[in-house]
Amino acid sequence: MFLTLVAMLSMTTAFAEGENAASVNTLEAYELNVNMNKLSSALNLADDQKEAVADIHHTFASELMFAAQYNNDDRKALVNRAIENDVKWMRYVLNDKQMRTYLTLLNTTINNRGLNK
């Protein structure tokens, strides 16, 4: 009986750890830490574009973290709205070539983090 109790407690603990790890991984998917120097280099940004892109990205990252707090349906709508806003604002700052590169990077990031599901 004692061994059964120990087995049950260890299984419950392992299950709870798995749940916490899953929720942490989910929240981590919404944290968008970008090295602005590398992004600037990849997009070949001019000095005046760097600050604007950094501000837009900061807003986008904040909106994603806000979306992470909601249930699946609301979260998906908020993530989609954040992406649409980000793309719309970036279009004002970036030229066509920069925008194509940015969209490639954004799509890759969204797919790798599973935010498009």
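Predicted model: local features only at pLDDT ≥ 70, side-chain atom pairs only at ≥ 80, totals over all residues.
**Entry 1: helix α5**
I looked up the span of α5. The helix has 18 residues and reaches 26 Å from its first C-alpha to its last, close to the 26 Å expected at 1.5 Å a residue.

Next I asked which residues of α5 are buried. I found Gln 98, Met 99, Tyr 102, Leu 106 and Ile 110. They cover an arc of only 90 degrees around the axis, so they lie on the same side of α5. On the face turned away from that buried side I noted the exposed residues Lys 97, Arg 100 and Asn 112.

I then checked what the buried residues of α5 pack against, and the partners are α2, α3 (47-67) and α4 (72-93).

**Entry 2: α2 against α5**
I took up one of these partners, α2. Two packed helices are described by the angle between their axes and the distance between the axes. For α2 (residues 36-43) and α5 (residues 96-113) I read an angle of about 135 degrees, with the axes 9 Å apart. That angle makes α2 oblique to α5.

I listed the residues that meet. From α2 they are Leu 39, Ala 42 and Leu 43, and from α5 they are Gln 98, Thr 101, Tyr 102 and Leu 105. Sorted by class, this contact has five nonpolar residues, two polar ones and no charged ones.

**Entry 3: Ser 40**
I picked Ser 40, which is found in helix α2. Is Ser 40 buried or exposed? Its relative accessible area is 9%, so Ser 40 is buried, the cut-off for buried being under 20%. Leaving out residues up to four places away in sequence, I found that Ser 40 touches Leu 45 and Lys 50.

Notes: Residues numbered from 1 in each chain as written. Heavy atoms only, no water. Axes fitted to C-alpha atoms, helices over the stretch in contact; angles between N-to-C directions. Helix = DSSP H or I, 4+ residues; strand = E, 2+ residues; numbered from the N terminus. Parallel < 35°, antiparallel > 145°, perpendicular 65-115°, else oblique. Contact = heavy atoms within 4.5 Å. Nonpolar A, V, L, I, M, F, W, Y, C, P; charged D, E, K, R; others polar. Buried < 20%, exposed > 50% of the residue type's maximum accessible area, 1.4 Å probe, protein only. Expected span 1.5 Å × (residues − 1). Arc of directions from axis to C-beta.
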